[in-house]
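Dear colleague,

I am passing on the structure below, together with an account of what came out of going through it. Please read the notes alongside the coordinates.

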Amino acid sequence: MFRNALGKTFRFLGYTVQYGCIAHCAFEYLGGVVVCSGPSMEPTIQNSDIVFSENLSRHFYCIRKGDIVIAKSPNDPKSNICKRVIGLEGDKVCTSNPSDFLKSHSYVPKGHVWLEGDNLRNSTDSRCYGPVPYGLIRGRICFKNFPRLINFDEPLHTLLHFSCWHICLLFVWMILPIKKKFEKVEGSGSEEGGRGAINNAFDIQLKGH
Amino acid sequence: MLIIVVFVCRSFFSICSSMMVCNENDYSSFTSGWNIMIDAISRRTWNLLITLIVSPRNPEQKIIKRVIALEGDIIKTIGYKKKYVKVPHGHIWVEGDHHGHSFDSNAFGPVSLGLLHARATHILWPPKRWQKLQPILPPERKPLQREQE
């Protein structure tokens with residue numbers, strides 16, 4: 001009884017560890033669901049919009065001009081910023097505000113990118129803290145505004161979208177071994193059928209004799 | 001199973017990695033490092049560590065340098081465009097031990113904390129250089145003014 005319970009606990013722990021591995025690798029190398037806050041990317045991304053960011057572009061160094069990226073804040077490593085890439089290394093960018101009379105330009109140094117929010121009047125971006133090192137970029141936003149399936153209030157809505165990503169991963173994790181099991185069962189059935197046919201043939205031969 | 005292997009490899013490299021460091025003026029050997037959890041380490045013990053950072057000039061490369069000053073400290077630079085620099089908020093000042101031949105903050109300025117990758121703790125290879133890396137700050141490189149906690 002005790003051994004049975006212990007066995008079940010260990011099996012459950014094993015499944016949890018397996019799922020944890022999948023979730024961690026997915027979040028690190030594939031991407032995840034992100035909630036954006038603040039007005040700096042309006043009208044493209046509104047306050048409390050939910051977006052999906054992918055991390056593959058960062059690892060393969062294919063972030064392009066015009067992409068919206070999520071990066072670690074240069075002044076605060078614990079917070080993230082969501083801005084558009086205006087210039088890559090070597091590009092000439094305008095470093096002054098749109099309201100300034102005299103425009104100033106500079107070149108983006110090697111290994112850096114120039115980030116700006118879409119809402120230029122209300123955005124703290126590279127015009128304040130300068131070009132951002134490429135190593136700070138975390139991911140690129142590819143989908144935004146998941147459709148509101150049910151009209152929940154804000155915190156529940158956010159929770160629903162975060163859990164959707166986990167549910168997708170759980171589905172992938174569970175469906176693969178089930179599919180394998182299904183194929184195995186089909187295969188053993190046909191083997192038995194074959195053996196049965198050979199036995200029948202042998203019986204017929206014996207009867208004939 | 002493959003996923004578990006990938007995860008174990010990744011967590012090994014994120015928690016404790018042995019990295020080959022070559023063409024660096026500090027150490028040309030294997031070093032083992034612990035990834036820094038920025039929240040967990042207090043400001044006092046953070047100084048003087050030898051750290052691995054993602055190079056600001058080339059994101060594919062990691063460079064290994066000593067932390068000389070933290071945010072808020074004022075230091076005297078060697079060969080930087082400004083003679084005295086106050087390290088801005090969220091940044092650190094790193095330098096190689098071999099001044100003059102080192103590509104460090106004296107070339108590219110203060111480094112953002114987000115670029116920190118790991119802390120080097122020991123030299124593993126070659127065996128004759130097996131040692132624990134000590135957090136020593138050369139006295140001539142001490143900050144002129146340190147921000148009080």
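UniProt positions are quoted here in the numbering used for this structure, feature names are shortened, and such annotations may be inferred rather than shown by experiment. With that in mind, UniProt, in an unreviewed entry, places the feature "active site" at S18(B) and K65(B). Please also keep in mind throughout that this is a predicted model.

Let me stay with chain B for a moment. K65(B) has its place in strand β4 of chain B, and this residue counts as buried because its relative accessibility is 1%, where buried means under 20%. For the feature "domain: Peptidase S26", again from an unreviewed entry, UniProt lists residues 2-76 and 81-125 of chain B. Over residues 81-125 of chain B, the chain is 9% helix and 44% strand, and the C-alpha atoms at the two ends are 37 Å apart.

In chain A, the feature "active site" is placed by UniProt, also in an unreviewed entry, at S40(A) and K83(A). These positions span 44 residues in sequence, yet no two of their C-alpha atoms are more than 8.0 Å apart, so they gather at one spot. S40(A) is found in the loop between β1 and β2 of chain A, and with a relative accessible area of 14% S40(A) is buried. Leaving aside neighbours within four places in sequence, S40(A) is in contact with C82(A), K83(A), G117(A), D118(A), N119(A), N122(A) and S123(A), a list that includes the other annotated position, K83(A).

As for the overall build of chain A, there are four helices and nine strands, and from the N terminus on the elements run α-β-β-α-β-β-β-β-β-α-β-β-α. Of the 209 residues of chain A, 33% count as buried, and among the contacts in chain A with a separation of 6 or more, 53% come from residues 24 or more positions apart.

Seven strands of chain A form an open sheet in the order β1-β2-β9-β3-β4-β7-β8, with antiparallel pairing. Its edge strands are β1 and β8 (132-133) of chain A, each of which pairs on one side only. Within this sheet, β3(A) and β4(A) pair in the antiparallel sense over five bridges, and I68(A) has R84(A) in β4(A) as its bridge partner. β4(A) and β7(A) are likewise antiparallel, over three bridges; here R84(A) stands opposite E116(A) in β7(A), while V85(A) stands opposite L115(A) in β7(A). As a general point, strands of a sheet pair through backbone hydrogen bonds, either parallel or antiparallel.Where do the two chains come together? 19 residues of chain B are in contact with 21 residues of chain A. The area buried between chain B and chain A is about 1,800 Å², of which carbon and sulfur atoms give 68%, and the count of salt bridges between chain B and chain A is zero. The largest nonpolar core has 24 residues, and of these L115(A), I137(A), I92(B), V94(B) and V111(B) touch the most other members. At least two residues of this core are supplied by each of β3 (68-72), β4 (80-87) and β7 (112-116) of chain A and by each of β3 (50-54), β4 (62-69) and β7 (91-95) of chain B. Not counting residues up to four places away in sequence, V111(B) touches I53(B), P56(B), G90(B), H91(B), I92(B), V94(B) and S105(B).

Most residues other than glycine have a negative phi, and most peptide bonds are trans. The peptide bond from E42(A) to P43(A) is cis, with omega near -5 degrees, and P43(A) lies in the loop between β1 (31-36) and β2 (49-54) of chain A, where S40(A) is also found. Y61(A), a residue other than glycine, has a positive phi, near 55 degrees. Y61(A) is found in the loop between α2 (56-59) and β3 of chain A, and at 37% relative accessibility Y61(A) counts as partly exposed.

With best wishes

Terms used:
Residues numbered from 1 in each chain as written. Chains lettered and ligands numbered in written order. Predicted model: local features only at pLDDT ≥ 70, side-chain atom pairs only at ≥ 80, totals over all residues. Heavy atoms only, no water. Core = buried A, V, L, I, M, F, W, Y, C linked by side-chain atoms within 4.5 Å. Buried < 20%, exposed > 50% of the residue type's maximum accessible area, 1.4 Å probe, protein only. Contact = heavy atoms within 4.5 Å. Pairing = 2+ DSSP bridges. Buried area = accessible area lost by both parts, 1.4 Å probe. Salt bridge = Lys/Arg side-chain N within 4 Å of Asp/Glu carboxyl O.
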